[in-house]
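Hi,

Here is the structure I said I'd pass on.

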Amino acid sequence: MFPDQARLYAAPAQCEEWRRDSELWSGYYGLDFAPLELMAMQEERAEPKVDALVSPEDLLCPGEVVCDLDLNTVKTADLEVIKAPLKFTMSKTGFWGGLALWFEVEFPSPGEPGVLLSTCPGID
């Protein structure tokens, strides 16, 4: 059994760890490291953080669909570059730490509703 539909979502998310890290530079043991902050933050965020668990409370707005794929017809070339115009309307304030990404796939079940596998924030 293979899924026949897949959706990729994105939403701005706050990250308490990143907020604390940024505050560290403004005063650590009475020393001001602010001149080094930009360089350090760029280095820290040069690679995606893939091990962060995002809770629903961390999302600054609902997720937007980045792509919706019919897995029965999609070609490998369709997946090499995925581009989508995204427009977010923030529903709460927070420290925007990055984009949370997650996916859902749907497994067909003849004659019955399909089974949805989701990795969205808050799913156990």
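**Notes on the charged cluster and the sheet**

Glutamate 106 counts as partly exposed because its relative accessibility is 28%; the cut-offs are under 20% relative accessible area for buried, over 50% for exposed and partly exposed in between, with a 1.4 Å probe and protein chains only.

Before the rest, the ground rules. This is a predicted model, in which local features need pLDDT of at least 70 and side-chain atom pairs count only at pLDDT 80 or more, while totals for chains, interfaces and linings use all residues. Residues are numbered from 1 along each chain as its sequence is written, and side-chain values use heavy atoms, leaving out hydrogens and water.

**Overall layout**

The protein has 3 helices and 4 strands, where helices (H or I, at least four residues) and strands (E, at least two) are DSSP runs numbered from the N terminus. Read from the N terminus, the elements go β-α-α-β-α-β-β. Of the 124 residues, 22% are buried.

The protein exposes about 9,200 Å², with carbon and sulfur atoms supplying 58% of that; the areas come from the Shrake-Rupley method with a 1.4 Å probe, and for residues only the protein chains shown count as cover.

Two strands pair if DSSP finds at least two bridges between them.

Strand 1 (residues 5-14) and strand 3 run antiparallel and are joined by 10 bridges. In that pairing, glutamine 5 stands opposite glutamate 106 in strand 3. Strand 3 also pairs with strand 4 in the antiparallel sense, over 5 bridges, and there phenylalanine 107 stands opposite valine 115. The hairpin of strand 3 and strand 4 has 2 residues between the strands, and glycine 111 in it takes a positive phi near 80 degrees.

**Arginine 7 and its partners**

Arginine 7 is in strand 1 and counts as buried because its relative accessibility is 16%. Leaving aside neighbours within four places in sequence, arginine 7 is in contact with Cys67, Asp68, Trp102, Phe103, Glu104, Glu106 and Leu116.

How many salt bridges does the structure hold? There are 3, with a salt bridge taken as a side-chain nitrogen of Lys or Arg within 4 Å of a carboxyl oxygen of Asp or Glu. Here they are, one by one:

- Aspartate 68 and arginine 7 meet at 3.7 Å, N to O. That pair links strand 2 (aspartate 68) with strand 1 (arginine 7), 61 residues apart. Aspartate 68 counts as partly exposed because its relative accessible area is 48%.
- Arginine 7 and glutamate 104 meet at 3.9 Å, N to O. Here strand 1 (arginine 7) is linked with strand 3 (glutamate 104), across 97 residues. Both arginine 7 and glutamate 104 are buried.
- Glutamate 106 and arginine 7 meet at 3.8 Å, N to O. Glutamate 106 in strand 3 and arginine 7 in strand 1 are 99 residues apart.

Salt bridges that share partners join Arg7, Asp68, Glu104 and Glu106 into one network.

**A nonpolar patch**

Elsewhere on the surface, Met90, Trp96, Leu99 and Leu101 form a nonpolar patch with about 420 Å² of accessible area together. Patch residues have over 30% relative accessible area and no salt bridge; like charges are joined within 9 Å, and nonpolar side chains (Val, Leu, Ile, Met, Phe, Trp, Tyr) within 5 Å. Why does tryptophan 96 count as partly exposed? Because its relative accessibility is 46%.

Cheers

Conventions
Contact means heavy atoms within 4.5 Å.
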